[in-house]
Amino acid sequence: MQNIIDTTSDLVAVTDMEGNFTFLGPSHRFLGYDPDLLVGRNVMELVHPDDYQETATAFAEFLANREDGRKVEYRYRRADGDYLWFETVGKFILDDAGNPKEILFVSRDFTARKRAEEELKRIEWMLSRKPNSSIQAQAENHDQGYGDLTKLNRDGIILKSIGHERLKSFAGDYLDLLGTSSAIYEINGDYAFGIFASGWCRMMDRASRNLCNTPDNVEALNSGRWLCHESCWTDCAKEAIAKRAEVEIECNGGIRMYAVPIFAGGNVIGVINFGYGDPPKDPEKLRMLADIYHLNYDDLLREATAYDSRPSYIIEMAKNRLNSTAKLIGSMVETKQAMEGLRKSENYISSIFRSAPVGIGSVVSRVLQKVNSRLCEMTGYDETELIGQSARMLYPGDEDFEFVGRGKYAQIADDHATGMVETRWQKKNGTIIDILLSSTPVNLQDHSKGVTFTAVDITERKQAEAEKEKLQAQLTQAQKMESVGRLAGGVAHDFNNMLGVILGHTELALTKTDEDNDLVSNLKEIQKAAKRSANTTKQLLAFARKDIISPKQIDLNDTVESILNMLRRLIGEDLDLVWQPGAHLWPVKMDPTQIDQILANLCVNARDAISGVGKLTIETGKKTFDQEYCNDHPGFIPGDFVLLAVSDNGSGMDKETLDNLFEPFFTTKEVGKGTGLGLATVYGTVKQNNGFINVYSEPGQGSTFKIYLPRLVDDEQIDKAIPEKKASAGGTETILLVEDEPTILKNDPDDAGEERIFSFDGCHT
Ligand code: ADP
Ligand code: MG
C-alpha cells in the first residue's frame, strides 16, 4: 500500500471527518507543496473560490449520505497560485466498530481534458448563437434620445489617433462575446467610444439618464445622477486609471464591470471597460433597482430573464480580448504620437531646409538627392534639373570635382566629421562662383548613406578680399615708387648740381686753355662724361617728376608723326612699325619732348623684346571712363582720355617682371644693356601729367602699353597760361637766378639755354 502511495502520480490524502488533512502523499510535491506542512489544514482551503460552493455542497452530501466513492470535480490550487482541474474520489476509512473515522481522497489531474472540453463547448456556443449584428448598428449612438457622447470629446488623443470606426470594430471584438456594454474613456473622462449593446444595459442607462432631468449631455454628466455613467466612469474607469491596473466592480445596474487602463509611452492615457455577467434575478435586488432607477419591476424582471447568460470561459475570453484591445489601442496611440512628433520635427527641418539662406543638399554616391531652393537660386538650375544627377554638373571641371570628392572632402568624411572646403561651382549660365562647402555624413559610420552639405556663395567675399589685396599691393607699390622717387630725385638733384659745377668749371678751364694745349683733350673728355651723366640724372629727375617741363596744348597725332622717322631708325629695319592714328583726337596738355621720351623708351623696349623679325604698333585714340568702369578698374579715374598705345609681338612678360616693371633700376637685361630706368621715366612722366598706364602682357604673347593722358578741356585758359613759345630771348632782359648751390652761382650762366635742366634747377626746390 505504502508502495502504491509513493509511486502514484495521483494525489493521495487522508482527512478527518471535517476535511482536515491528517496525511498527504508525496505526489503533493508535484503541486509545489511540502506534504508535512499541509497536515492540519482543511482541504477546502485549496479549492478554487468559484468551485467552492459546489464542492462544499458535494462534501456535505458525501458525509451525510455516506456516498462512498463519490466523484467531485473542482479546481485545486497549486503552491504557486495556479489552479488545476482535479477529479477526486472520496472513500471512508472505518474504525474497528465499522464507523467512518477518516476519509481517503484520491485525486487525478484532468486539466488537459477539461480545457479540451471547454474549447469544444466554446466552439459549440459560438456556432449555436445568433450573430450579434446589433452591435454595429448601435455603435453610432448611445441612445437615440441623447445622441453620441463621443461628440463631447475634447480633442482626446485616443479618439483622434484611432478614430471612431476603428474603436467600434475593436469594441465589437469583445462585445460580440458578451453582448453587454462598453466604454473607452480618454484620461480626462471624455468618451472616445461608448455602446450599450444589451437590452438590460440600454434600459438601465436610459432610465438613469432620465433621472438627470436635462436633455443636455454635459449637464447630465455633471449632475451626478447618471447612475450608469457614474459606475462606468467614476467607480470603475477612474479607479483603474488611479491604480494603473485592472479593476472589477459590481455596477449600479446590477451587473459586473471590468476596466483596464490603456498605456502609451508608460503613461495611462485612458481606460477601456465593459459590463458582463447576468442581471440579478433576485426579486429583492430587482425591486431595489426598480426603485433607484424609477423603473417598473415587471419590465426589469422580463429584461433580466431575457438575458442570454454567458459561461465563465466566454467571460474570461472577453476579458483577455479587452486586455489585448487596451494594449493595441495604447500601441497605436504611441505609434501615432511618435509619427506626429516625427512629422513635426520633419516639418521643422523642412521649413529650415526651404527657407535657409544657404544652399542645402544631399548626395549619395555623389548623385544629388535633395536640393533646397537657395541652392537652385545659386546655381541657376531647377530642382528637377539637379536631382538624380551627378554632382559633377555643378563643377567647372573634373579637377574641382575630384578635389572635393576624392581629396579633401573624402578625408573629412573619413574622419567622421563635419568639414569645410572651398571650391568653385559653375552656374547653369557658365558663370563660375566661389563656394564654401560644409558637409557631414548622414550616417557617421556608414558613408554609403550619403552626405548632407551646405553651400555658401562666397564669390563676393573672395572678390572683395582679392580687391583689398590688390589695393593694398597698389598702395604699397605707389608708396615704394614715391619713396624711391624722392630718393632718386634728391640724389639726382645734388648730383646734378655737382655736374653743373664740373661742367661749368670745365667750360671755364677750356676757355682759359690754348687749343694746342695737351689738357684740352682731357678737359673735353671730362665735359663729355659729365654731359652723359647729366643725361642719366635727367632721367631720374623725370621719374621723380622733378624734370623741368614746358607743357602746352598738343595734338598727340602730330607729335607722334613728327618723331616716327626717328623711331624707325631707333628700332632698325627688321621691325615693322605700324602707325594707327585715331581720328579727331582731343588735345592734351603736355611737354611734347616727354612724348618723344615715352615713345623712345617704349619702342626700344619693344625692339629688345623681339628677336628677329617682328611688328610694333603705335596707336592713338579716345577713351571715356565712367564711374562704373572705374569701380571695376582700380586706379582709373572717370573722365575723357587720349590713348597712346605701343604694342609689340615680342617675348611678353611674366608676372614677376610685370610686378616690378616701373621700378627704377629694374631690368632683366644683361649688365651694360639695360639701365632699368626707361619705364621708370615713362611712369614718372605719365603721373606728372595726371595720366595712367596699363600694361597687358603674357609670356610669348607680346606686350601692349596703354597710356591714358587726360583730355585738355579748357583750351582758352591753357592758351593764356602757356603762351606760344618764342625764340630764345637772349636780349637785354635781366634773369633772376635762384640757386641753392653756391658753386653753381659762381658759374657763368651764358650757356644755359640748351640744357634747361641745369640752369633752372632751382625752380623745384
Ligand atoms: P631696361 O629696358 O633698361 O631693362 P625698362 O625700365 O625700360 O629698363 O624695362 C624694364 C624691364 O621691363 C625690361 O628689362 C624688360 O624685362 C621689361 N620690358 C619692358 N618693356 C618690355 C616689352 N615691350 N616686352 C618685354 N619686356 C619688356
Ligand atoms: Mg628700356
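## Ground rules

Residues are numbered from 1 along each chain as its sequence is written. The model is predicted, so local features need pLDDT of at least 70, and side-chain atom pairs count only at pLDDT 80 or more.

## The whole protein

The protein holds 26 helices and 22 strands. Both are DSSP runs, numbered from the N terminus: helices are H or I with at least four residues, strands are E with at least two. Of its 765 residues, 43% count as buried (under 20% relative accessible area, with a 1.4 Å probe and protein chains only).

## Cysteines

The whole structure has zero disulfides (pairs of cysteine sulfur atoms within 2.5 Å). Cys236 is buried, at 0% relative accessibility. Cys630 is buried too, at 7%.

One open sheet has five strands in the order 7-6-10-9-8, with antiparallel pairing. Strands pair if DSSP finds at least two bridges between them. Strand 7 (191-196) and strand 8 (247-250) stand at the edges. Each has a single partner strand, so one side of each lacks a neighbour in the sheet.

Strand 6 (residues 181-186) runs antiparallel to strand 7, and five bridges join them. Ile184 stands opposite Phe193 in strand 7. Helix 7 (residues 164-178) packs on the sheet. This helix touches strand 6, strand 7 and strand 10 (267-276), where contact means heavy atoms within 4.5 Å.

Key
Chains are lettered from A and ligands numbered from 1 in the order in which they are written. Side-chain values use heavy atoms; hydrogens and water are left out. Buried means under 20% relative accessible area, exposed over 50%, partly exposed in between (1.4 Å probe, protein chains only). Axes are lines fitted to C-alpha atoms, for helices over the stretch in contact, and angles run from 0 to 180 degrees between N-to-C directions.
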